[in-house]
Amino acid sequence: MQTLFLDGLKRGYARIAMAMAHGPAALREAHQLERLLEIGRNLSSNLDLPSLLGSIVAVAAEITGSEGASILLYDPTTRLLRFEAIPPDQDPALKKLSVPVDSSVAGWVFSAATPLIINDARSDARIYREVDRQIRFETRSILGVPLIVKQEPIGVLEAVNKLADQDYTEPDQIALETLAAQAAIAIENARLLAKLHEANQELMRLDRMKSDFIAIASHELRTPLGLILGHATFLTELVDEQHRDQIEVIVRSAERLKAIVEDMARISHQEEGQSRVRHRPFSLGVLVQTLVTRFRQLAKEKKIELDFDVPEGESLMVEADRDKIEIALTNLIRNAIAFTDEGGQVGVMAEGSEDYVKVFVADSGIGIPAGDIDRVFQRFFQVESHLTRKHGGMGLGLSIAKAMVEMHHGQIWCESKVGVGSLFCIMLPVTAAKGEAASKVFSSV
Ligand code: ADP
């Protein structure tokens, strides 16, 4: 398309050189060329379709010395060519009209994807008279050129009634074709931008719906779930030995549901900016030991070796929100056990430096495909489809862990190899002040 535009300009220059001897004609062509270059620059920067089309038709009428000009775009639903733009001084009724592809000049230009000049339109059968009748106009001469995008015609640019009863000439056709080539690119760009905008709006709408659903569901489920759990726990004490197992199943299932609802509530609070970080000093070393102890039973049931490694004599003190860091680490350890098969190993290591502490959760599990590693931190993302997956979960654990760590101006990342295992790492500033200082440095880079 760009080549068509340049070709048009080159042909224009060649004709001007040849016509220099003919005085006024050459001057007019030079003016046409100058206007084309000028409009070319403006068109590529204008992405508002109506104003873009408006300026194209105005220039089309000007450079061809015509009474009017218009753009007709093909509408695949009606299979008609619809007037999309006309100069401001033309009858606005025209904008409501369409012309048939099989019995109009525009239709011929569109179907053949070829320019057409008719200098005696009054006696030409190809003219679609209905338009003239509707707007009380008389088409005396007409020049039409196709608008082509990716080798496909999308519409037609027409100039009507050459002024001073003159005939349309080949230079007029070249000038209009050159303008049409540039206009087609601009129209396509504006259409793509409009589509992108529409898709973005739709995504935002869906995202809002998802957020609203999470907020409402977590809020509404909380109370009945609390009641089920409370009553079931109470009943555990009352029922005889024979029915205790059943009640315990209810309690365990309700606890699992509670964990899911809490995850949803955390996501919702974090999205609404309601999550507050309460910095207090605590020992990360002790937290790691506590969590590993908590998961020992689960690991044992799955015949997984679970160990931790915290440097001796170092408490790894940090000033952070212990509850939030506990949630993040719990999610990492739970995943490590969930995605490791029987006989595998899971290890939690911690180390500290002057400014940061790091915790690594490593497993010899199924691993994560390279293309999915960055996506596992996205909400609801799961490597396996939820229809085929063997593991439970909602795909929220890692996004929560990430949110908790980032609230502390820390970082979380993952390295993994399918069939070998995964390593998740959390890096936290030792104090709130250090975290804030580091985040200022990062945001200024
Ligand atoms: P889920 O509740 O599904 O575990 P997460 O957000 O915690 O949600 O994890 C997202 C996905 O990342 C998991 O469904 C799993 O596919 C993958 N994943 C997370 N941790 C591991 C791990 N240690 N090993 C292998 N895959 C993992």
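1. The lining of the largest cavity comprises 14 nonpolar, four polar and three charged residues; here Ala, Val, Leu, Ile, Met, Phe, Trp, Tyr, Cys and Pro count as nonpolar, Asp, Glu, Lys and Arg as charged, and the others, Gly among them, as polar. A cavity is a set of points, on a 1 Å grid over the protein atoms alone, where a 1.4 Å probe fits but cannot get out, and lining residues have an atom within 4 Å of a point.

2. The model is predicted: local features need pLDDT of at least 70 and side-chain atom pairs count only at pLDDT 80 or more, while totals for chains, interfaces and linings use all residues. Residues are numbered from 1 along each chain as its sequence is written, and side-chain values use heavy atoms, with hydrogens and water left out.

3. Over the whole structure, the search finds four cavities of 30 Å³ or more. The volume of the largest cavity is about 250 Å³. This cavity is lined by 21 residues, of which F83, V131, T139, I142 and E158 are the closest to its centre. Two or more lining residues come from each of β1 (66–75), α4 (105–112), α5 (129–135) and β6 (152–162).

4. The largest pocket (an open set of grid points with protein on both sides within 12 Å along at least five of seven lines) has a volume of about 1,400 Å³. Its lining has 45 residues, and R256, N331, R334, N335 and G393 are the closest to its centre. By class, 19 of the lining residues are nonpolar, 12 polar and 14 charged. At least two residues of this lining are supplied by each of α7 (241–271), α8 (284–301), α9, α10 and β13.

5. The ligand sits in the largest pocket, a term that requires more than half of its atoms to lie within 2 Å of the grid points. Two or more residues of the shell around the ligand are given by α9 (322–338), α10 (397–407) and β13 (421–429).

6. The ligand is surrounded by 20 residues, the closest being N335, D363, Q382, R389 and L398; a residue is included if one of its heavy atoms lies within 4 Å. This shell has 11 nonpolar, seven polar and two charged residues.

7. A ligand oxygen atom is 3.0 Å from a polar backbone atom of V383. For M394, the distance from a ligand oxygen to a polar backbone atom is 3.2 Å, and for G397 it is 3.2 Å. Taken alone, the ligand exposes 530 Å², of which the protein buries 95% (Shrake-Rupley method, 1.4 Å probe).

Methods:
Polar contact = N/O pair within 3.5 Å; in protein donor to acceptor, adjacent residues only side chain to side chain. Helix = DSSP H or I, 4+ residues; strand = E, 2+ residues; numbered from the N terminus. Points joined across faces, edges and corners; volume = space filled by probe spheres on them.
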